[in-house]
Amino acid sequence: MKLTGVIVLGALALQVQTATGLTAQEKALAAYIDAHNTEAEALLERAVNINSGSMNLEGVREVGRLFRAEFDALGFKTEWIDGAAWGRAGHLVATHEGPSQKVLLIGHLDTVFERDSPFQKFERIDAEHARGPGVTDMKGGDVILLQALKALKSIGELDRMNITVVMTGDEESTGRPLARARDALVNAAKGAAAAIGFENGDGDPAHAVVARRGTTSWRVEVTGATGHSSQVFSKELGFGAVYEAARIVNAFREQLAGEPHLTFNPGAIVGGTAADFDGATSRGTASGKTNVIAAKAVVTGDLRALTVEQFTKAKAAMARIVAASLAQTKAELTFDEGYPPLAPTAGNERLLVMYDKASRDLGFGAVQAVSPDRAGAADVSFVAGHVPMIIDAVGMKGRDDHSPSETADLRTLPVQTKRAAVLLLRLR
Ligand SMILES: [Zn+2]
């Protein structure tokens, strides 16, 4: 028991020491954030109460106007980039020029809850929790991002900072063409030393994201000679489209399954005398008789990988498999544009170390990276390769995002804001 007491005392002593590790400026940031937390909660409630499902273009624009006014008040130059060219509302871009190194901050205005969803309003559950569409994913993160900048302004530090904020209007359902839809984000990343995404991640305040797998979808179209089934395997008629599709899918599994961070899943397959699959509606049709060799088959699936190299290698292996056709069959493999991966880099790791240090110095404990296999694709991935240091999932924490019980842990609002503000101050 005595030994336990010593350990507890040791931990307390450590806490006192780290708390004094903050500079006077950093303590002032934390004090501002505590003093203005009620305002931050009120802004969050307003933002959540505006429906901004990705396809509710006017709603997304309205959330954009709400945040735009806040950035205007902070002295940012703001711009709304219209999204007609990619079939979505558009993006809010706010820039603040200063002599410090450039930092890119990323949010999104849209949610998965469209106008016809029954889940529409912010609802306080108790002093520490609130439910609402987008309360963690990611209007909470947007408010944290903004509130951190307000705190920096209050201590006179924002003035010399070089910050670009991009809040996209279509993170949950990205417009196409994808390259066009993310043009503004990629442009904003140019020259940035660091990029910070304020997504909610896995909801755990002890976690951040420094690597995300990318994802793309693929389609294999197979054609084969057709005729009476009694002549299948013959030199003239060969194996037919269904055997060839089966060979391809099985070879994908045999040759590629089990590689760390690489997954690929055939989600649908159709085949027969006639077969078609509509990728837009995810529906297919097929017809054929037991005594006729299949003339056509279509398989669609996804492919997820951690690095560009892993994508390139996997795609090449898939192409080789597809090209090794059975007799009297032919197959074609195509990939869509896809989401790029956020590959782990030494720079991303450095930024996480800084964030972790800021958290410890604030007395909030360690922050660790989550496995990239558990982190889906997100907007930060589009700036990978353009920015040397990237971290994501430093926004509002909670649970059940993308569901009608999406709940924010409101205690994380000031915690995450302080962590972000201290990190930004140390990055300047
Ligand atoms: Zn999100």
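Biologist: Are His108 and Glu199 buried or exposed?

Modeller: This is a predicted model. Buried stands for under 20% relative accessible area. His108 and Glu199 are both buried.

Biologist: What arrangement do the four donor atoms around the zinc ion make?

Modeller: The protein donors are His108 (NE2), Asp137 (OD), Glu199 (OE) and Glu199 (OE), at 1.8 to 2.5 Å from the zinc ion. A tetrahedral site needs all angles between 85 and 135 degrees. Here the angles run from 55 to 146°, so the arrangement is irregular.

Biologist: How many residues apart in sequence are the parts that the pair His108 and Glu199 ties together?

Modeller: The donor residues of the zinc ion follow the spacing H-x28-D-x61-E. His108 belongs to strand E3 (residues 102-108), whereas Glu199 sits in the loop between strand E7 (194-197) and strand E8 (207-208), so the parts tied together are apart in sequence by 91 residues.

Biologist: Is H2 roughly parallel or antiparallel to H11?

Modeller: Helix H2 (residues 24-35) packs on helix H11 (residues 412-427) at about 150°, the axes being 10 Å apart. Angles over 145 degrees count as roughly antiparallel. H2 is therefore, relative to H11, roughly antiparallel.

Key: Residues are numbered from 1 along each chain as its sequence is written. This is a predicted model: local features need pLDDT of at least 70, side-chain atom pairs count only at pLDDT 80 or more; totals for chains, interfaces and linings use all residues. Side-chain values use heavy atoms; hydrogens and water are left out. Donors are N, O and S atoms within 2.8 Å of the metal (3.2 Å for Na, K and Ca); water is not among the atoms, so sites may look incomplete. Four donors count as tetrahedral if all angles lie between 85 and 135 degrees; four count as square planar and six as octahedral if opposite donors are over 155 degrees apart and all others between 65 and 115; anything else is irregular. Helices (H or I, at least four residues) and strands (E, at least two) are DSSP runs, numbered from the N terminus. Buried means under 20% relative accessible area, exposed over 50%, partly exposed in between (1.4 Å probe, protein chains only). Axes are lines fitted to C-alpha atoms, for helices over the stretch in contact, and angles run from 0 to 180 degrees between N-to-C directions. Angles under 35 degrees count as roughly parallel, over 145 as roughly antiparallel, 65 to 115 as roughly perpendicular and the rest as oblique.
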